[in-house]
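Have a look at the chain first, and then we can start with its contacts.

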Amino acid sequence: MQTFEPTEPTNKTDNLVLKVAVTGPFLTALDYLDCDGLVHDEAPESLIGRRVRIPFRNKSQVALVVAVAQAEYELDKTKPIEEWLDREPIVSARDLAFLQWVADYYHAPIGEVISTALPKRIRAGEPAELQGADTWRVTQLGREKLLDIPARAKAQIALAQAFLQAPQPLTVQDCKAMTSSWRKILNQWLDEQFLQALPGSCWQEPLAKAGAHHPLNQQQKDAVSAVTDKLDSGGFASYLLQGITGSGKTEVYLAMTEFALQQGKQVLILVPEIGLTPQMIGRFSSYLQTPIALLHSGMNDTQRHCAWHSVRTGEVSVLLGTRSAVFAPFRNLGLCIIDEEHDASYKQQDGVRYSARDILVRRAHQQQVPVVLGSATPSLESLFNVQQQRYRLLKLTERAGVAKPPQIRLIDIRGEKIQEGVGAKLKAAMQRHLDNGKQVLLFLNRRGFAPVLMCHDCGWQAHCPSCDANMTLHQGAHHQYLQCHHCGEQMAQPPECPGCGGKELHTMGQGTERLEESIREWFADKAVLRIDRDSTRLKGKMAELTAQAHSGEADILIGTQMLAKGHHFPKVTLVGMIDIDQGLFSCDYRATERMAQLLLQVAGRAGRAEDAGEVLVQTHHPQHPLLLKLIKDGYSGFAGAALQERNEAQLPPYRFQCLVRAEAHNPQDALDFLHSLKAGLELQWQSLQDDGQDYLEFWGPVSAPMLRRQGRFRYQLMLSSASRQKLHQLLNIMQPHIYKSPLARKVRWSLDIDPQDM
Ligand code: ADP
Ligand code: ZN
Ligand code: ZN
């Protein structure tokens with residue numbers, strides 16, 4: 001492994017070059033000469049981690065200095081950098097070592113990892129310092145003084161008038177629109193206190209305190225003190241907080257966070273998705289009474305820069321963010337928390353395919369701080385780590401406060417009369433709960449109106465022209481249209497069959513839109529709310545709809561997995577799961593684990609207040625062993641059985657995998673690449689086998705579950721080994737060959753370490 005330790009002092013300083021990491025498929029850093037002679041004047045530590053601008057392929061590009069080293073190549077062939085962009089490192093040596101570890105582990109180029117970790121503004125070479133805040137308002141002093149600007153100072157007058165007349169604080173765009181020299185004027189006025197900068201747009205000011213904290217119950221106290229004791233004694237430890245939904249995990253995170261803040265430390269909290277954050281943000285900020293920096297997909301580049309900057313300077317002590325927040329440059333990190341650690345969104349599915357959970361644990365280890373992984377339904381990997389005594393288990397087995405866990409029942413719908421996916425038993429139960437004035441939540445993980453449109457005369461089906469997939473029929477606000485859920489392609493619904501001209505086009509199966517339509521018909525006097533990706537596409541819509549759901553305005557909620565997580569609907573007493581059978585029989589061995597997690601997450605929405613909840617699960621397979629185990633023995637029972645199956649089938653976490661994917665317009669190109677790679681791997685493998693034991697298995701090359709997507713043919717090769725170390729050793733040997741292979745140039749390929757999806 002390459003490290004970034006300062007190079008040995010040497011006299012031959014005239015041979016020193018900068019090793020810089022550039023975004024792109026370059027496995028190692030590239031050599032450049034210094035333009036200013038800093039390598040002679042300054043210690044390497046003060047240069048490593050600074051950005052430079054370099055000439056690269058006839059363009060100027062921003063890169064990061066990752067080492068200072070003796071030149072390996074002829075100096076007169078090495079180009080000088082164009083300029084230094086930073087006066088001090090913007091990535092600390094410790095963070096750089098972490099990024100290098102990520103690059104090594106995922107077999108990704110260091111430049112790619114660095115650009116994944118840095119906000120866009122920083123990657124583009126903008127100043128690391130935030131240029132003040134984003135918005136400014138005029139002060140009382142300013143209201144007087146800005147009236148006295150001499151008439152010849154035209155730019156100043158324009159800007160002053162804008163400030164004096166604006167109903168709201170002005171943004172960068174507002175100021176830019178007035179004069180190009182706005183920054184200079186603004187800074188002067190800030191110095192003179194004519195203007196006031198408003199707090200960064202990436203953080204949440206503390207909300208008013210929402211009453212006293214809940215006194216923690218004994219299990220919560222035990223969980224908190226396990227971690228705070230560690231915070232006291234110092235050092236790394238990892239904990240799995242397994243607490244059923246509603247058991248008060250968030251309350252536990254809050255108490256731990258408060259403790260770390262009192263120690264003067266910073267805290268990183270990862271959450272899966274933006275849909276979850278508004279409620280979380282509110283709870284954190286009103287409990288902790290401190291500003292909280294946010295980092296999630298709904299933020300623009302300035303806000304991301306602001307979040308990055310505010311934890312780097314230590315201005316803000318708590319960062320609440322999604323996957324990429326794992327890279328944030330903390331000044332003084334003291335505690336890491338990851339909520340819903342089993343969630344699939346923590347795995348990046350393109351570029352550097354990292355698992356935010358896995359690298360968070362690594363980062364905590366590197367920084368010697370505790371890390372807490374929380375979930376009602378932990379991943380099998382994490383439960384396995386508990387078995388292996390790598391993680392300490394903290395359990396919350398009861399719901400906090402008065403709420404009781406819901407009762408889950410399977411409804412056998414074989415032979416039952418089903419209307420639009422809803423059986424008679426579920427319908428009757430809905431009526432009962434609604435008559436009691438309660439809310440009902442129906443869960444169907446398929447958006448759109450119907451997944452299949454078919455011609456009754458000839459059997460033609462609406463297929464996506466670029467994927468091996470059906471197009472889903474959507475109702476739309478004004479007209480029906482077809483959409484491919486894999487590539488996004490849209491087209492109008494054909495008036496007649498393109499195959500035979502037949503007029504009878506039938507839909508098959510149901511999505512949330514169709515379910516909504518029927519439910520509105522059956523329960524005409526009830527308010528129905530549908531929450532899925534389509535109904536929440538517009539900005540602010542998600543917050544609006546969930547607010548309606550919370551307030552109890554809606555009687556029936558219909559939703560996809562967007563509704564399954566994090567939300568707390570006190571009036572929901574019945575959850576109906578329309579169709580979970582897809583999860584029981586799938587070519588992806590993780591499907592049952594996901595089904596179980598989703599089922600319990602959705603079930604967790606029921607009965608979160610005083611009223612006990614009921615969960616009805618419709619299935620054609622009421623005898624399915626893992627499903628029965630889940631209902632009878634709960635998640636831990638299920639997980640134990642599922643882990644045993646994994647062990648018997650030699651699957652992760654008992655084996656280590658790497659999935660090589662390749663796609664191309666010409667299928668032969670993808671296959672040629674994978675076959676030649678496999679041959680190379682097999683050959684190299686033999687040289688690694690010292691003890692004659694067979695550690696490596698290949699599966700493939702085979703076609704991906706969906707062979708064609710967006711017009712490309714996709715194939716994959718799975719490597720599986722009982723030894724992670726050997727597997728990685730093999731990949732290390734092969735990696736440079738792959739980058740040089742002419743066959744690789746004809747395809748899009750990727751290495752996926754610990755893949756989550758087949
Ligand atoms: P989880 O994150 O495990 O789903 P939450 O932390 O959201 O659970 O807690 C569920 C509900 O119980 C919340 O409304 C929370 O305010 C409340 N709660 C948490 N801990 C306690 C406690 N010790 N006493 C009373 N209510 C609590
Ligand atoms: Zn037809
Ligand atoms: Zn498509």
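Q: What share of the contacts in the protein chain with a separation of 6 or more comes from residues 24 or more positions apart?
A: It is 75%. Keep in mind as we go that this is a predicted model.

Q: How do you know that the radius of gyration of the protein chain agrees with a compact globule?
A: For 758 residues, the globule rule gives a value near 27 Å, and the chain has 29 Å, so the two agree. Along the principal axes, the C-alpha atoms fill a box of roughly 85 × 80 × 65 Å. Buried residues account for 43% of the 758 residues, and the secondary structure comes to 23 helices and 33 strands.

Q: What makes C455, C458, C497 and C500 a group in the UniProt record, and how do you know that they gather at one spot?
A: The unreviewed UniProt entry places the feature "binding site" at these four positions. They span 46 residues in sequence, yet no two of their C-alpha atoms are more than 8.6 Å apart, so they do gather at one spot.

Q: Why is C455 called buried?
A: A residue counts as buried if 20 or more other C-beta atoms lie within 10 Å of its own. C455 has 21 such neighbours, so it is buried. This cysteine is found in strand β21, residues 452-455. Leaving aside neighbours within four places in sequence, C455 is in contact with residues including W460, C497, C500 and L505.

Q: Why is C500, by contrast, called exposed?
A: The label applies if 12 or fewer other C-beta atoms lie within 10 Å. C500 has 12, so it is exposed. C500 lies in the loop between β24 (490-492) and β25 (505-508). Beyond neighbours within four places in sequence, its contacts are C455, D457, C458 and W460.

Q: What makes β22 and β24 edge strands?
A: The open sheet has 3 strands in the order β22-β23-β24, with antiparallel pairing. β22 (472-474) and β24 each pair on one side only, and that makes them the edges. On average, neighbouring strands of this sheet are turned by 30 degrees against each other, direction ignored.

Q: How do you know that β23 and β24 pair?
A: Pairing asks for at least two bridges between the strands. β23 (residues 481-483) and β24 have 3 bridges in the antiparallel sense, so they pair. Across from Y481 stands A492 in β24.

How values were computed: Residues numbered from 1 in each chain as written. Chains lettered and ligands numbered in written order. Predicted model: local features only at pLDDT ≥ 70, side-chain atom pairs only at ≥ 80, totals over all residues. UniProt positions renumbered as here; feature names shortened; annotations may be inferred. Helix = DSSP H or I, 4+ residues; strand = E, 2+ residues; numbered from the N terminus. Contact = placed C-beta atoms within 7 Å. Axes fitted to C-alpha atoms, helices over the stretch in contact; angles between N-to-C directions. Rg over C-alpha atoms; globule rule 2.2 N^0.38 Å.
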